Amino acid sequence: MELLDRYLEAVRKNLPWKRQDDILAELRANLEAQLEDKESALGRPLTQEEAGAWLKQLGSPLQMAARYQPQQYLIGPALFPIYRQVMRTAFLWFTAIYVVVSVIQAAGSERPGRALLAAAGHLPWLLLGVAAWLTLGFAVTEFAVARFPGKLPPQPEWSPSSLPPLDRRPSALKARTRTQTIAELVFGIAGLAFWLLAPIWPHILLGPGAAYLKQIPFAFAPVCRTFYWWVAAISALQIAWRTVELALRLWPRTARINLVAFAVLSLIPLSIMLLAPGHAYFTLRSTANLARYGSALASLNHGLYVVFCIVVAIKVLQILCFGGRLAANAAKRSLARA
Amino acid sequence: MTLTEHLFENLRLELRRGCLALAVLAQLRQEHYGYTLRKALVEHGLEIDESTLYPLLRRLESQGLLVSEWREEDKRRKRFYKLSGEGTGILAQLLQEWQTINASIDHIL
């Protein structure tokens, strides 16, 4: 039957090449026997439509051939959880190292802003490359595991005693992980770089809108410079502290100190802004524009003053809440001891 | 196909997968080639697609549970399968497991 021959030929194209002939001979014998049965039951050969319906019932040639493939997946269920974990860790470490290297390179280049933007643009493609290589590595491992099950080294035995202890403290007080501390360090460096580069390259903050900066009639008041350097100094201190935490392995025990110390430190630049003489955060570039922009300037400065009041109030409340929670926990502990 | 139907279909396929291997091993205590094996299973009420059965035979053979040979019958060369020595032992263990599971489910129901 021509249709069956065509079907088998289509199946052949997708069979494992080493066993093509053998599989096809067996499949042909089985299908021809089935065809004979069908035709003897009907007492006549199958019509073209009936043959088509029968072959359709068998499944497409691609589906039929796929069932003969020894492996139907790239990474199987046994390896997949490890693959996902390795992929996550690799992404995090790669991004961390890339950010540090890019910031250092950008700092040494003639146009740091542009260099940082270019580095950010490359990152997704590099991550895609990392993902592709990892996937390939795991696919090869899966292939090897499927082909040589007894010849690969056994997986290390898992022990319940290696499980980390339960941490029932509120999330703000929980011990940080090393990865979390590294992430904080990397994002701290990136944030500081951004903060320091923004005045030199306002494009990284405002994009094309930076061109309009020179045309606006307002300029930063001297207090903003003080605020700017305080924020930079606190960020640099945070980076230095994170480095010490990582070097001395302090990260699991320093969550509380960090929370209190940096919340209190952040009050310094905020207080400087709050106590700025006349709450003047912006001034006019030229006093000749006083009549025209005077009221707008007053509104702008007043609005910023209100914003700083709200931010300081939130910070103070956070510090008080945290202090209260610490005191409550200490009281609970002493009661439990009693 | 609704979500419930899809879910049922997936669970049904999972349930059938192991049972089919067991049924094929049990049926191959007597020698068969692919088509007559399929007919025998259907006669016992177990429908099985060709695209599932024939590759399954190959897999069970590559695992050493079946042995096969090409032989001519009715002027046509056919590949006949039967249970190997190792397959006989595995079948006995699987049947015991099957009976235990069956009894447990009956007990639960």
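Okay, let's start with a term: a salt bridge here is a side-chain nitrogen of Lys or Arg within 4 Å of a carboxyl oxygen of Asp or Glu. Keep that in mind, because by that definition the count between chain A and chain B comes to 6 salt bridges. One thing before I go on: what you're looking at is a predicted model.

So, one of those bridges, if you want to find it on screen: the side chain of A:Asp37 meets the side chain of B:Lys39, 2.7 Å from N to O. And where does chain A's side of the contact mostly come from? Helix 2 of chain A, residues 20-42, gives the largest share, with 13 residues. By type, the residues on that side split into 9 nonpolar, 7 charged and 2 polar. There are also 14 residue pairs in polar contact between the two chains, counting pairs with both residues at pLDDT 80 or more.

Stepping back to the whole interface, each chain puts residues in: 18 from chain A and 18 from chain B. About 1,700 Å² is buried between them, and carbon and sulfur atoms give 47% of that.

Now over to chain B and its strands. Strand 3, residues 76-83, has 6 of its 8 residues buried, so the rest of the structure largely encloses it. Strand 2 of chain B, residues 66-73, pairs with strand 3 in the antiparallel sense over 8 bridges, and across that pairing B:Trp70 stands opposite B:Arg79. The hairpin these two strands make has 2 residues between the strands, and B:Asp74 there takes a positive phi near 50 degrees. Strand 1 of chain B, residues 32-33, also runs antiparallel to strand 3, joined by 2 bridges. There, B:Tyr33 stands opposite B:Phe80.

Last stop, back in chain A, and it's about phi again. Most residues other than glycine have a negative phi. A:Arg249 isn't a glycine, yet has a positive phi of about 55 degrees. You'll find A:Arg249 in the loop between helix 9 and helix 10 of chain A. Is A:Arg249 buried or exposed? Exposed, because its relative accessibility is 54%, and the cut-off for exposed is over 50%.

A:His279 is another non-glycine with a positive phi, about 50 degrees. A:His279 sits in the loop between helix 10 and strand 2 of chain A, and at 28% relative accessibility counts as partly exposed.

That's my tour, thanks.

Key
Residues numbered from 1 in each chain as written. Chains lettered and ligands numbered in written order. Predicted model: local features only at pLDDT ≥ 70, side-chain atom pairs only at ≥ 80, totals over all residues. Heavy atoms only, no water. Contact = heavy atoms within 4.5 Å. Buried area = accessible area lost by both parts, 1.4 Å probe. Polar contact = N/O pair within 3.5 Å; in protein donor to acceptor, adjacent residues only side chain to side chain. Helix = DSSP H or I, 4+ residues; strand = E, 2+ residues; numbered from the N terminus. Nonpolar A, V, L, I, M, F, W, Y, C, P; charged D, E, K, R; others polar. Buried < 20%, exposed > 50% of the residue type's maximum accessible area, 1.4 Å probe, protein only. Pairing = 2+ DSSP bridges.
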